[in-house]
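Thanks for making the time this morning. Please have the sequence and the coordinates open while I talk.

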Amino acid sequence: MVRYFLGILLVMSIAGCGYTTGSLLPPKYKKIAIQPFQNKVNNIDENTSGQFYVPQLESNVRTAIIDRFLFDGNLHIADPDKADLILSGDLIGVAQDELRQDVNLNVQEYQIRIIVSLTLTDAATGNVLWKEPSFTGETTYFLSGPQALTQSAAIDAALTDLATRIVERTVENW
């Protein structure tokens with residue numbers, strides 16, 4: 001009986017569940033270039049409620065993505081002429097929506113979304129590996145209380161979320 005139990009335990013431990021924390025990138029991809037983002041936010045369109053302008057956000061998007069790739073470590077940042085992959089994109093939206101109000105209809109909680117379009121290209125072949133026309137990073141924030149944030153801090157949190165999702169999309173979705 002003990003042998004039977006130990007045998008089953010051994011088979012289960014060898015089989016495992018297949019989960020890994022490593023990268024699913026093909027081994028030929030070691031370096032990535034992050035192109036400067038273009039700001040394509042349309043602040044004139046009256047149909048884009050909740051949209052607002054944040055100066056230099058397109059530069060901050062690129063910096064956040066580079067920082068997250070450095071933190072992740074699966075791909076090294078390189079110049080486009082030395083990279084295996086090239087990530088390019090546009091900042092296409094920044095939106096703030098009301099999520100919660102108090103009894104006096106004062107806003108208590110907002111959601112901020114940063115929306116980009118992305119293209120990942122194989123630098124050697126020029127083949128588009130994936131394209132995301134509307135990729136979003138977001139966060140919610142309160143105006144008061146222990147979880148209160150400024151709008152600027154909330155934008156930074158949304159940038160971190162966006163960069164994390166982009167790195168995950170690049171490294172894990174193969």
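This is a predicted model: local features need pLDDT of at least 70, side-chain atom pairs count only at pLDDT 80 or more; totals for chains, interfaces and linings use all residues.

Let me begin with helix H2, which runs over residues 57-72 and spans 22 Å from its first C-alpha to its last, close to the 22 Å expected at 1.5 Å a residue. Its buried residues are Leu57, Glu58, Val61, Ala64, Ile65, Ile66 and Phe69, and these pack against strands S1, S2, S3, S4 and S5 as well as helix H3. After H2 comes Gly73, with a positive phi near 85°.

Turning to the charged side chains, the count comes to 6 salt bridges, and I will discuss three of them, starting with Asp122 and Lys28, whose side chains meet at 3.7 Å, N to O. Because Asp122 sits in strand S5 while Lys28 belongs to the loop between helix H1 and S1, this pair ties together parts that are 94 residues apart in sequence. Asp122 is buried, at 5% relative accessible area, whereas Lys28 is exposed, at 56%.

In the next pair, Glu109 and Arg100 form a salt bridge at 3.1 Å, N to O; here Glu109 counts as buried, with 7% relative accessibility, and Arg100 as partly exposed, with 45%.

Finally, there is a salt bridge between Asp161 and Arg165 at 2.9 Å, N to O, and these two residues, 4 apart in helix H3, are separated by about one helical turn. Both ends are partly exposed, Asp161 at 21% relative accessible area and Arg165 at 34%.

Technical notes: Residues are numbered from 1 along each chain as its sequence is written. Side-chain values use heavy atoms; hydrogens and water are left out. The expected span of a helix is 1.5 Å times one less than its number of residues. Buried means under 20% relative accessible area, exposed over 50%, partly exposed in between (1.4 Å probe, protein chains only). Contact means heavy atoms within 4.5 Å. A salt bridge is a side-chain nitrogen of Lys or Arg within 4 Å of a carboxyl oxygen of Asp or Glu.
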